[in-house]
Amino acid sequence: MTDHPFKKILVAVDGSFHCNVAARYSYLFAQAFHSKLFVVTVITKDMNEKAEKSATYSITRIIDEARVSGIDIEGVILKGDVIEAITRFVKENKIDLLISSTRRPQKERRYFVKSVTSSLMSGVPCSVIALRISHPGRSLRSKKVLVPVIGDGYRDKERADIISPIADRFNSNITVFHVIELSSSGIKRLEKLEKDKLTESGEKKIASFMKELRGRGIHASEKIVTGSKVRDEIISEASHHKYDLIILGTTKRNIIKRVVSGNPVEEILRDTPCDVMLLHFK
Amino acid sequence: MAIQALTSEEVYNALHTSPSGLDEEEASERLKTFGLNEIREAQKTSLLHNIARHFTNLFALLLWGASITAIAGGLLKPGEGFFILGIAIMGVVLINGGFAFYQEYRAEKAFDELKKLLPYMVTIIRGGREREITASEVVPGDIVLLKEGDRVSSDIRLLDVTEMKVDNASITGESKPAKRDATPHPDAEISDSLNIVLAGTSVVRGQGRGVVFATGMSTEFGKIARLTSEIVSGMSPLEMETIRVTRTITVIAVCLGIIFFTAGVFIGRGFWENFIFALGIVVANVPEGLLPTVTLSLAMASQRMSKKKALVRKLTAVETLGSVTVICTDKTGTLTQNRMSAVNIYTNSILKELQHIDANSDLSTMMLIKGSALCNDAYLRDGAIVGEQTEKALLEFAQNYIDVDNLRTKEPRIAEHPFDPFRKWMATLHENEPGAIIYVKGAPEVLINMCTGIFHNGEVVAFDDVRKKKADEALSDMTGRALRVLAVAYRDCNPLLFKIKCPEWEKIEDLVLVGFLGLEDPPRPEVPGAIKDCNEAGIKIIMVTGDNPETARAVGREIGLFNNPDIVTGTELRGMNHKDIMNALLKDEIAFARVTPADKMTIVSALKDLGEVVAVTGDGVNDAPALKKADIGIAMGLSGTDVAKEAADIILLDDNFATIVRAIEEGRAVFENIKKFTTYILSSNIPEIIPYIAYVILGIPLPLTVVQILAVDLGTDMLPALALGTEPPEPGLLKRPPRSVKERLLSLPLLARAYLFLGPIEAIASMAGFFWFLSINGWHWGDALSSKNPLYWQATTVCLTGIIVTQVANVFVCRSGILSVFSMSLWVNRFMLAGISVEIVIILLIVYTSPGNIMFATSPIPLSMWLFLIPFAFLLLGLEEVRKLFVRNMMTRRIS
């Protein structure tokens, strides 16, 4: 066992391609934190025999793969409602980190809001990593990682903890990205000195996070840009510079903010050209 | 899981698929999760919404309110002219909205052009069966079959190929087809890997089978589409400034209207009197003609630009060009002529000019000629050489010494390794007399490292350090003369094995260097002058080329672009962080070499983050994001793809850099001209407001009606203002620094000149005429005068005529803020003379025709009143000349 807070990690799978990729990401953390990994599937009432078999087979396959990598892993099959069963298991087994994939259950529906993963994120008493797999060709080969910092630092230490094994494993180039939001006409009127001042303020905002990364031997580069919409700048950066992974922290935005300015996380998940790792710490 | 690094088995495992493909259920599940395999355009505001926006802004809402109130007034109190006024104001809203929409509107078709590059149907294997499905249904994990002529629907990792070549132009910009294989490439990037075919490319030869690993907007092509469609260029500086001006003036006008309405109530005037007054103040202050004049001025400037070979696709781009501070330009074809020809060669350790070579007696030179002719995809058709520019030059060179057709018949090509932009060489295998021979042609810095021998006077000798040093020196000498240098090498093959694959062919190494060929692409003759103009105009030019750094340096020096620049290569650029790139861009002399079109966007983004106004040139599909990102995207009319042209703001019809500079000068002239006609338009606001103030404060009959104000603002003022918009660039316009983003159209000096100097002179003229006419016709101070009294009509007509007469003089005055009217030729702007003529004709029609009298409540005035008013025009001219003289003296004193 480990000294790291994430002593027990749970990865939820359902036999789908996405969950299997999420499970492979979980090996990374289990290895880095020397944690015990639980791979859990929930057999629900509406599952047909084929889906049930696929979920069960998925567990066997993941256990085999993880054991090859020397991970202490245990497979668990639960029955009942997915959210209730996993929440109960997390509480009973004092799980520290839950890893799950988030995907579009139906065309045109939201990826994240009201998804199983988002419900788990708000319901379970542990930290959650939600993965959205968009580009299987770049999954689990995170050479270029984009870490947007929206607003002030969000759980800098924990976030750096999650980035560290990825950077170590893939020798990744980490870019910490901060967008200073201004109206498009405001941006056009900015002169260099004003931009410099804004960049300085942006650097201050990400300073503590950069320090945490440096403390773990990660030499991340920082990029401060001005833009009219954070979401657009993140997607544009990821598209132009061909990132393999975006690691994004998510907090519970209050309802008014969500209504007024939309949900950037939802928008990023919908439009991302690469995989996204959503972090939610408790 | 680097898909390009995996073996076939690992690929299947990673993507949870198999040689028989996904089953239908899994494919359907993945389709739900990954979405349709299609590129989606960013959500844009609808055309209707855009139109509606221009009719519902603050300015328009104010006028709508005024119009509805006036129409209601007309219905409640008929016979006071309110109804006509309401309709006239409504006309103003419609005209302004229409012009604003026209100025902003541009049909966005770049995305449609991109869509054309994707196929509609795809052959796949699902559940072990081969079938055709629509491309949008393809999902990651699907096994796709590809054959010659197919367009590629998604990003695919190849598993089996037979002689496959793909055209990657849409992604890499490279026009030559690139070979593909199915072996793992652990060190390559996805987009460069030989075992990957990308969506938007096409198979030009062979066939293959592969597994899909990215679909839709996650593909490399999808990223280009996203960047092309999602980058919103936003409002141009001029659009922002026009909105600011109209908003400011509208607020002032409304405030004045409210103040004077309240004052009227306090001094006991009736509601309708106060209403007319307040409305008059608002209408007089609002520059109704400004937006149509700006739009028409831009439209005319764009027409002038098209005559200078710059086709404007968005009107506001005309003025934005004038603010450009940095131009990122391609080299080949833009700064140079893109007409390659061989000028010298390096063989037998000697660098020789072409006129000094004797091919017949020099075996090395003959070998170089043969290599140039055989390792070459250009060909002869009807006596002309067809092919890529560099290859055409090589074939032309060879043709001067040998019969190329005969040689190609004698030594036919058996196989080839096509040119690869990342490998930087091509090779061809030929049957020849003793057996077979491989010719290799490519970048010297790469080929030198592949050679172990050198062909020297007909013999192969070791390519030792001494000879390498000599070759390096020759190479430096050649690139230092701005030449594009190609190396030619060869290797003999085993004669017994060449018909089946010989090992020498499978692994190209141990070559014999034959020599180098120096190709010249002469600069365009106009370019050095244009660069000098840019330097004087404070515009920085950054060369962004795919060529090697030394050639870039030499060409830049030759055309006077720089002396000792920092040259950043594409590889270096991609290794730099954003801050480093911005710091590098601050250097006075910088150029980028060996860059891909995708790097352009990085450069443009960094420049924009430095606060620069950036123009960038481009021609390829993947130049589109950079063209959209820049403040001004300039596409090449001759060599550009349709996607680039659709993404650009301006198209250069001759691909010439000098045309950009001419267009910038025109753009700068536009802003100066807008200032000129803004002064002209604002000047007439004062003689339009003063009558209303006098009407309330002095209790006199209203000297000017609201409809008469509109006759000036939207009638007589329009053409002269437009004529001022066509003034040619003033001398020395390109010697000034670019306009600052902070510079306002409504500056304090401009407002002071219009409102405190020119406007009051016009007000004096019109009011003096009004009072003089009333007094000579028996009116006394304090007498009431009905609005239906013919004397009142004539008096208001005199007031209106006074404004027009002085505005005629004002046209001449506003042609320059500094120069004397008498120092400027009348004939360079004939449109101005036509505008003034029309202005006079309009006022004559208003004053002396019945329809004019009815519409504007005017009445004919005697000639004597013209003679009374005309001297005021000369007074305005004279006083303005004195002011200009004073300003010129001040400037001279300041300079000395």
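Student: How much area do chain A and chain B bury between them?
Tutor: This is a predicted model. In it, 47 residues of chain A are in contact with 55 residues of chain B. Carbon and sulfur atoms hold 48% of the buried area. The total that the two chains bury between them is about 4,400 Å².

Student: Which three residues supply more than any other three of the area that chain A buries against chain B?
Tutor: The three together supply 17% of what chain A buries against chain B. They are Phe17(A), Lys188(A) and Arg189(A).

Student: Is Thr41(A) buried or exposed?
Tutor: Thr41(A) sits in strand E2 (residues 36-43) of chain A. Beyond neighbours within four places in sequence, its contacts include Val13(A), Ala55(A), Ile59(A) and Leu78(A). Its relative accessible area is 0%, and the cut-off is under 20%, so Thr41(A) is buried.

Student: Where in chain A is the pLDDT below 50?
Tutor: The mean pLDDT of chain A is 83, and 89% of its residues reach 70 or more. One stretch has a pLDDT below 50, yet has 13 contacts in the model beyond near neighbours in sequence. Where pLDDT is low, the predicted coordinates should not be read in detail. The stretch is residues 105-111 of chain A.

Student: Which helix has the lowest mean pLDDT among the elements of chain B?
Tutor: Chain B averages a pLDDT of 87, with 97% of the residues scoring at least 70. Among its elements, the highest mean, 95, belongs to helix H31 (residues 790-813). The lowest mean is 73, in helix H10 (residues 271-285) of chain B.

Student: How far apart are the centres of domain 3 and domain 4 of chain B?
Tutor: Domain 3 of chain B takes in 315-337 + 524-655, and domain 4 of chain B takes in 342-520. Nine residues of domain 3 are in contact with nine residues of domain 4. Taken over C-alpha atoms, the centres are separated by 33 Å.

Student: Which residues of domain 3 of chain B lose the most area to domain 4 of chain B?
Tutor: The area buried between these two domains is about 640 Å². Carbon and sulfur atoms give 50% of it. Together, the residues asked for make up 49% of what the domain 3 side buries. They are Thr551(B), Ala554(B) and Arg594(B).

Student: Why are the buried residues of H19(B) on the same side of the helix?
Tutor: In H19 (residues 527-536) of chain B, the buried residues are Val527(B), Ala530(B), Ile531(B) and Cys534(B). They lie on the same side of H19(B) because the arc they cover around the axis is only 100°.

Student: What is the phi of Ala482(B)?
Tutor: Ala482(B) lies in the loop between helix H17 (465-480) and strand E19 (483-493) of chain B. At 7% relative accessibility, Ala482(B) counts as buried. Most residues other than glycine have a negative phi. Ala482(B) is not a glycine, but its phi is positive, near 65°.

Student: What is the phi of Asp655(B)?
Tutor: Asp655(B) is in the loop between strand E26 (650-652) and H26 of chain B. Asp655(B) is buried, with a relative accessible area of 6%. Although Asp655(B) is not a glycine, its phi is positive, about 55°.

Student: Is Met164(B) buried or exposed?
Tutor: Met164(B) is found in strand E4 (residues 155-167) of chain B. Leaving aside neighbours within four places in sequence, its contacts include Leu146(B), Val197(B), Val203(B) and Arg205(B). With a relative accessible area of 0%, Met164(B) is buried.

Key:
Residues numbered from 1 in each chain as written. Chains lettered and ligands numbered in written order. Predicted model: local features only at pLDDT ≥ 70, side-chain atom pairs only at ≥ 80, totals over all residues. Heavy atoms only, no water. Buried < 20%, exposed > 50% of the residue type's maximum accessible area, 1.4 Å probe, protein only. Helix = DSSP H or I, 4+ residues; strand = E, 2+ residues; numbered from the N terminus. Arc of directions from axis to C-beta. pLDDT = per-residue confidence, 0-100. Domains from an automatic or database assignment. Contact = heavy atoms within 4.5 Å. Buried area = accessible area lost by both parts, 1.4 Å probe.
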